[in-house]
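Hello,

Here is the structure I promised to pass on to you. Please open it beside this email, and then read my notes below.

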Amino acid sequence: MRVRHHVSIVLAVSLLSVTVPPTLWAAQSYTLQEIVVSQAVKAVGPNLSGQVVVRSGLVSPSSLRAKAGESLDAIGRLPSGDHTSGHAINDFGDVVGSANTKTAVRAVLWMKSGGLREIGTLPGDSASEAFGINGAGTVVGYSSGPRGMRAFAWSAKGGMQNLGTLPGGDSSKALGINDSGLVVGSSTGQTGRHAVLWNLGQIQDLGTLPGDTASEAFAVNNRGDVVGFSRGPAGMRAFLWSKSGMQSLAMLPGGSFSRANGISDTGEVVGSSGSAQGTRAVLWDAKGTPQDLNGAVSVPAGVELYAAVGINAKGQILVLGRQGHHEGPISRVFLLTPGGS
């Protein structure tokens, strides 16, 4: 009998790949590497070493396998739990996410040397999840309980600290952190839920795009640039925020919505853009010009790259793909590496 478990695994990818003809991608070529995991349902990364975290929806611990040239580690589960999801990985290969017990979901930290551990909750809370970790090992996420959802920052020395909310707000969550400790996420306030930036304990409202009513930030690079989405009557729009304010990132031709998921230290942004006809993985260059990643690399037959979820300092991009199947779409995970990296 096949046992259903949700397990996250870490992979350092080194597979055979295909080089893209330079004519398909101006002044740049990519190699495409598939990360083969049974029924992949989520992926995060890559870190500077090209490691990613993949959650598989239908595996047992004993069935985790890697192809030749890969290294693989199962994140594992908490005692009495059957679900683990990795949400972020730093350049040292440390992973944060969430795992369940019989009674709650808890934020967890996984290190290859020490395995999986809970990092707790804020006082009075019963549940938590972690969504970001930087090179110093500072973890961010949210803790929840009777008081609602509250963003936190955690470190091994200082424990878990409440990051607070915007004035008049009662809910916040932290979703990303850079190496200098800038934290991004969202908070409710007097005008709704907005993307925010925490800097040394001070919270800043990043606002929304003109005409919108809500926003959320997912990532911040080491220059302090922030990306996410802004939402209103016109739908969801990817944004880039810098010290000069928030600007909209252009959609692909024919697109009606977009979302930015990650940003490199050189200002390249990754995410997705789409319409009722489907969603495409996108790379915005440092000037904000969108590129459909399906046209930047030779994709396997029948596969469509629908979301770019992360980019590292080397320009490697983690992309999710979808392939039609008589039993429903099959999710596939790919790493795109610039030529010469």
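**What I found**

Pro-46 sits in the loop between strand S4 (40-44) and strand S5 (51-59), where strands are DSSP runs of E with at least two residues, numbered from the N terminus. The peptide bond that leads from Gly-45 to Pro-46 is cis, with omega near 0 degrees.

Before going further, please keep in mind that this is a predicted model: local features need pLDDT of at least 70, side-chain atom pairs count only at pLDDT 80 or more, and totals for chains, interfaces and linings use all residues. Residues are numbered from 1 along each chain as its sequence is written, and side-chain values use heavy atoms, with hydrogens and water left out.

The protein has 29 strands and zero helices (a helix would be a DSSP run of H or I with at least four residues). Of its 341 residues, 53% are buried; buried means under 20% relative accessible area, exposed over 50%, and partly exposed in between, with a 1.4 Å probe and protein chains only.

Next, the largest nonpolar core. It has 16 residues, and those touching the most other members are Leu-283, Leu-293, Leu-305, Ala-308, Ile-317, Val-319 and Leu-336. Such a core is a set of buried Ala, Val, Leu, Ile, Met, Phe, Trp, Tyr and Cys residues joined through side-chain atoms within 4.5 Å. Strand S27 (303-311) is among the elements that give two or more residues to this core, and S27 gives the most, with four residues.

Now look at strand S21 (residues 235-242), where seven of the eight residues are buried. S21 runs antiparallel to strand S20 (residues 226-232), joined by seven bridges, and the two form a hairpin with two residues between them. On to strand S22 (residues 245-248): S21 pairs with S22 over four bridges, again in the antiparallel sense (pairing takes at least two DSSP bridges). Here Phe-239 stands opposite Ser-248.

Which phi does Ser-80 have, positive or negative? Ser-80 has a positive phi, near 75 degrees, and is partly exposed at 47% relative accessible area. Leu-200 also has a positive phi, about 55 degrees, and counts as exposed at 81% relative accessibility. Most residues other than glycine have a negative phi.

Enjoy exploring!
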